[in-house]
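My notes follow, in the order I looked things up.

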Amino acid sequence: VSPRRSQREDWKLDCAWAAFIDPQSGIDSYRVGWGTTRGTADFVAFIPVGANVSTYTQAGVSLQQGTMYYCTVLAYDMAGNMVSASSQGVMIDT
């Protein structure tokens with residue numbers, strides 16, 4: 001999961017990830033969220049996105065200078081199992 005390390009924009013967050021693979025049942029869907037701690041969605045709650053999506057932009061947010069934000073992606077397979085991955089974070093540097 002890879003947003004940029006720092007960004008000047010204080011109104012949007014971008015996230016991109018490589019497809020998760022589940023050879024047994026296949027990926028059913030992803031959920032994407034943003035938090036101020038890795039693995040959480042305490043800033044932007046997890047939002048469902050399709051199984052064929054590998055990027056997501058959350059616009060219309062008010063980001064704080066000097067704050068680190070982390071993207072977490074939850075991948076659900078057809079059997080209902082979930083795995084997650086989190087970014088290294090992006091620092092807001094306006």
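**Ser86.** I started with Ser86, which sits in strand β7, residues 82–86. Strands here are DSSP E runs of at least two residues and helices are H or I runs of at least four, numbered from the N terminus. I was working on a predicted model, where local features need pLDDT of at least 70, side-chain atom pairs count only at pLDDT 80 or more, and totals for chains, interfaces and linings use all residues. Residues are numbered from 1 along each chain as its sequence is written, and side-chain values use heavy atoms, with hydrogens and water left out.

Is Ser86 buried or exposed? I got 18% relative accessibility, so Ser86 goes down as buried. The cut-offs are under 20% relative accessible area for buried, over 50% for exposed, and partly exposed in between, with a 1.4 Å probe and protein chains only.

Next I listed what Ser86 touches, skipping neighbours within four places in sequence: Val1, Arg38, Gly39, Cys71 and Thr72. Contact means heavy atoms within 4.5 Å. I also checked Thr37, which is 49 residues from Ser86 in sequence and 9.7 Å away in space, C-alpha to C-alpha.

**The disulfide.** Cys71 on that contact list sent me to the cysteines. I found one disulfide in the structure, counting a pair of cysteine sulfur atoms within 2.5 Å as a disulfide. The partners are Cys15 and Cys71, with their sulfur atoms 2.1 Å apart. Cys15 belongs to strand β2 (residues 12–16) and Cys71 to strand β6 (residues 68–77), so the pair ties together parts that are 56 residues apart in sequence. I read the torsion about the S-S bond as about -90°, so this disulfide is left-handed. Both ends came out buried: Cys15 has 3% relative accessibility, and Cys71 has a relative accessible area of 0%.

**Whole chain.** Then I stepped back to the overall layout. I counted zero helices and eight strands, and along the sequence the pattern reads β-β-β-β-β-β-β-β. The radius of gyration is 13 Å, close to the 12 Å that the globule rule gives for 94 residues, so the protein is as compact as a globular protein of that length. That radius is taken over C-alpha atoms, and the rule is 2.2 Å times the number of residues to the power 0.38. Along its principal axes, the C-alpha trace spans about 45 × 20 × 20 Å.

I noted that buried residues make up 36% of the 94. Of the contacts between residues at least 6 apart in sequence, 61% join residues at least 24 apart. The accessible surface came to about 5200 Å², with 49% of it belonging to carbon and sulfur atoms; areas are from the Shrake-Rupley method with a 1.4 Å probe, and for residues only the protein chains shown count as cover.

**Asp93.** I looked at the segment after β8 (90–92), where Asp93 is found. Asp93 is partly exposed, at 39% relative accessibility. What does Asp93 touch, not counting residues up to four places away in sequence? I got Gln7, Arg8 and Gln65. Ser6 is 87 residues from Asp93 in sequence, but their C-alpha atoms are 6.3 Å apart.

**Ala45.** Over in strand β4 (residues 44–49) I picked Ala45. Ala45 is exposed, at 52% relative accessibility. With neighbours within four places in sequence set aside, Ala45 is in contact with Val32 and Gly33. Tyr30 is 15 residues from Ala45 in sequence and 13 Å off, C-alpha to C-alpha.

**Gly26.** My last stop was the loop between β2 and β3 (27–35), which holds Gly26. Leaving out residues up to four places away in sequence, Gly26 touches Asp77 and Met78. I also logged Ala79, 53 residues from Gly26 in sequence and 8.5 Å from Gly26 in space, C-alpha to C-alpha.
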